[in-house]
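Below is a set of questions and answers about one protein chain, meant to be read with the sequence and the model side by side.

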Amino acid sequence: MADETTALNAFTHPDGVALCSDDVLFHIQANGDWLYLNSPLPAKFAALFSSILHCIDNEYLLITPVEKVKVSVEQHPLIMVDYQHKTEPTQLIFSSSIGTQLPPVNIADITVTDDGIYVPLIRGLTGKLNRACYYRYINEYISFD
């Protein structure tokens with residue numbers, strides 16, 4: 001995480017990044033759909049914007065080299081719909097509902113609760129497994145013996 005912060009600081013304007021507006025322009029619904037000014041955003045644009053989405057101090061922001069935009073998130077910014085095994089057996093690569101593929105995640109870092117299964121992602125983000133991915137993960141990694 002420190003490396004991401006260092007890279008972000010090197011990427012942004014030396015005087016810091018200004019907040020574009022106090023208004024929340026983007027909203028991510030609980031089902032993973034993105035809205036811009038309360039209108040649906042096509043998945044290809046959501047995927048593009050997700051690449052600059054950050055969670056800093058529990059606040060979601062799209063950050064470019066010159067400005068920040070507030071984003072409201074109902075539950076989790078990304079819904080994981082599938083995963084594949086990396087060459088290392090202790091890591092999984094997740095795919096999101098908006099068509100993005102995320103960097104590998106250690107299985108030990110995945111959180112299983114009564115409410116769902118959650119994946120720590122880059123830039124302070126978290127993802128939640130959708131129903132099908134949830135049951136597949138349970139069948140493969142949770143022992144009931």
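Q: Which residues of α2 are exposed on the other side of the helix?
A: In this model, which is predicted, helix α2 covers residues 43-50 and has Ala-46, Ala-47 and Ser-50 as buried residues. These residues span an arc of only 100° around the axis, which means that they lie on the same side of α2. On the other side of α2, the exposed residues are Lys-44 and Leu-48.

Q: Which strands do the buried residues of α2 pack against?
A: The buried residues of helix α2 (residues 43-50) are Ala-46, Ala-47 and Ser-50. The strands against which the buried residues of α2 pack are β2 (34-36), β4 (53-56) and β7 (78-85).

Q: Is Ser-96 buried or exposed?
A: Ser-96 belongs to strand β8, which runs over residues 91-96. Leaving aside residues up to four places away in sequence, Ser-96 touches Leu-78, Ile-79, Met-80, Val-81 and Leu-102. The relative accessible area of Ser-96 is 4%, and since buried means under 20%, Ser-96 counts as buried.

Q: What is the phi of Asp-57, a residue that is not a glycine?
A: Most residues other than glycine have a negative phi. Asp-57 sits in the loop between β4 and β5 (59-63), where it is exposed with a relative accessible area of 74%. Although Asp-57 is not a glycine, its phi is positive, at about 55°.

Q: What is the relative accessibility of Asn-58?
A: Asn-58 has its place in the loop between β4 and β5, and its phi is a positive value near 60° in a residue other than glycine. Exposed means over 50% relative accessible area, and Asn-58 counts as exposed, with a relative accessibility of 74%.

Q: How many aromatic pairs does a search of the whole structure find, and which geometry does the pair of Tyr-83 and Tyr-137 have?
A: The search of the whole structure finds seven aromatic pairs. In one of them, the ring centres of Tyr-83 and Tyr-137 are 6.3 Å apart and the ring planes stand at 75°; because planes over 60 degrees apart count as edge-to-face, the geometry of this pair is edge-to-face.

Q: How many residues apart are Tyr-83 and Tyr-137?
A: Tyr-83 and Tyr-137 are both buried. Their pair links distant parts of the chain, with Tyr-83 in strand β7 and Tyr-137 in helix α3 (residues 131-141), and the two are 54 residues apart.

Q: What is the relative accessible area of Tyr-135?
A: Tyr-134 and Tyr-135 form an edge-to-face aromatic pair, with 5.1 Å from centre to centre and 90° between the planes. Tyr-134 is partly exposed, its relative accessible area being 24%. Tyr-135 is also partly exposed, with a relative accessible area of 43%.

Q: Which residue lies over the face of Tyr-83?
A: Tyr-83 forms one aromatic cluster together with Phe-94, Tyr-137 and Tyr-141. At 3.8 Å from the ring centre of Tyr-83, the residue lying over its face is Arg-136.

Q: What percentage of the 145 residues in the protein is buried?
A: The protein has three helices and twelve strands, and residues 24 or more positions apart account for 49% of its contacts with a separation of 6 or more. The protein exposes about 8600 Å², of which carbon and sulfur atoms supply 52%. Of the 145 residues, the buried ones make up 37%.

Notes
Residues are numbered from 1 along each chain as its sequence is written. This is a predicted model: local features need pLDDT of at least 70, side-chain atom pairs count only at pLDDT 80 or more; totals for chains, interfaces and linings use all residues. Side-chain values use heavy atoms; hydrogens and water are left out. Helices (H or I, at least four residues) and strands (E, at least two) are DSSP runs, numbered from the N terminus. Buried means under 20% relative accessible area, exposed over 50%, partly exposed in between (1.4 Å probe, protein chains only). Contact means heavy atoms within 4.5 Å. Accessible areas come from the Shrake-Rupley method with a 1.4 Å probe; for residues, only the protein chains shown count as cover. The arc is that of the directions from the helix axis to the C-beta atoms. Rings of Phe, Tyr and Trp (its six-membered ring) pair if their centres lie within 6.5 Å; planes under 30 degrees apart count as stacked, over 60 as edge-to-face and the rest as tilted. A charge sits over a ring if NZ of Lys or CZ of Arg is within 6 Å of the ring centre and within 35 degrees of the ring normal.
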